[in-house]
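Please look over the sequence and the structure shown below before reading on. The report that follows takes up the strands, a helix that goes with them, and some pairs of charged side chains.

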Amino acid sequence: VKFLQTVFIIESLILLFALYQKSKYLHIFAISGFSIVFLSVIVYDILKRSQIALSKIRTLSRMNTNLTKLNRLLKQKNDQYIAMLNKKDNDIQMLSKYSTMAEITAGIAHEIAQPLTGIKSIAQNMMDDINYDEFNHLEALSELQKICTMVDKATYIIDHIRSFNTNNHIYKLIDINSIIMNAVTLTHNQLKKHNIDMMLHLNEAIPKIYGNSISIEQILLNLITNAKDAILEKAKKVSGEYTGQIKIETDSTDDHVIVKIIDNGIGIQPDIQKHIWSPFFTTKKYSQSLGIGLSISKKIIQEHNGEIDIDSTPNEGSIFTIRFLLLK
């Protein structure tokens, strides 16, 4: 810069001297010098700006490299957190299963104890017949057939409980009516113990839906258990004659398979209805309920391309309506 300034001053003096002397050659020489200085300034400015731009590009390149590394690290962390959330979500769903099974354990124990008691009674009668020389082969064959039937019943219940507690995610075409019957089998004695009537209005012509049978059964068990609790809560407050009823209906339209679980229990207050799908929200007083049954049920239904809603009137009952979208 100082060099160019010095040359500029010298050229200015030469130009003044050329004007004073009226020398054509000095005049041309001075203008040429000015042109060289001007071009040199432009070239210098361009080079300087290029160096600054190049320096900024190098800085941006380093920043971009660092951001790429950081982005890759964040993506790895994000994938890890998603995997952890999915695992926790599965754990909560399994916890909901265990919670549901814990609530109907008494009824299941009765279902298993009943055939065992029958087997013991038949075996004792057969031993008495042998001891008193009154053994009849035809009667024994009939009694053994009864034992086989009772063993099959107990085995079915045990196998069903085992499969219910597995964490399988197999999706296939399933019959919703059969799943309803399985859920009713597990809850039958529990409802009978509390004198609750179960009514089934199942449309046998409905199409199959694509889904996971164990997950759908978990939904039904949650809703049946909730209906039972609502009926028991109402029974505490009703002074007159009252019989609890749970009705399950199935039907279909061109686009959906519809399942309704209807009870005549205590119902749900309007200001509470919007909260029942929230995790860990419960209205059951002095209970061990985790409050995750309905939130898990709604999530499972959404995973099955379905939706669930509620129509509840306080002190009259509730209607849970599930709509499964049919795949075409």
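## Strand pairing

In this predicted model, strand β2 pairs with strand β4, which covers residues 245–252, in the parallel sense, and five bridges join the two. Within this pairing, methionine 199 has lysine 247 of β4 as its bridge partner.

## The sheet as a whole

Both strands belong to an open sheet of five strands, whose order is β2-β4-β5-β7-β6 and whose pairing is mixed. The edges are taken by β2 (197–201) and β6 (306–313), and because each of these has a single partner strand, one side of each is left without a neighbour in the sheet. From one strand to the next, the twist averages 15 degrees.

## A helix across the strands

Helix α5, made up of residues 176–193, lies across β2, β4, β5 (256–263) and β7 (317–325).

## Salt bridges

Side chains of opposite charge can pair when their charged atoms come close.

Which salt bridge involves lysine 247? Lysine 247, the residue of β4 that is the bridge partner of methionine 199, forms a salt bridge with glutamate 249, and the closest N and O atoms of this pair are 4.0 Å apart. Lysine 247 has a relative accessible area of 24% and is therefore partly exposed, and glutamate 249, at 25% relative accessibility, also counts as partly exposed, since the partly exposed class lies between the buried limit of under 20% and the exposed limit of over 50%.

## Two further charged pairs

Aspartate 45 and arginine 49 meet through their side chains in a salt bridge, with 2.8 Å from N to O. Because these two residues are four residues apart in helix α2 (residues 24–103), about one helical turn separates aspartate 45 from arginine 49. Aspartate 45 counts as partly exposed, at 33% relative accessibility, whereas arginine 49 counts as exposed, at 57%.

Is the pair of lysine 228 and aspartate 229 buried or exposed? Lysine 228 forms a salt bridge with aspartate 229, in which the closest N and O atoms are 3.3 Å apart, and both lysine 228 and aspartate 229 are buried.

Methods
Residues numbered from 1 in each chain as written. Predicted model: local features only at pLDDT ≥ 70, side-chain atom pairs only at ≥ 80, totals over all residues. Heavy atoms only, no water. Pairing = 2+ DSSP bridges. Axes fitted to C-alpha atoms, helices over the stretch in contact; angles between N-to-C directions. Contact = heavy atoms within 4.5 Å. Buried < 20%, exposed > 50% of the residue type's maximum accessible area, 1.4 Å probe, protein only.
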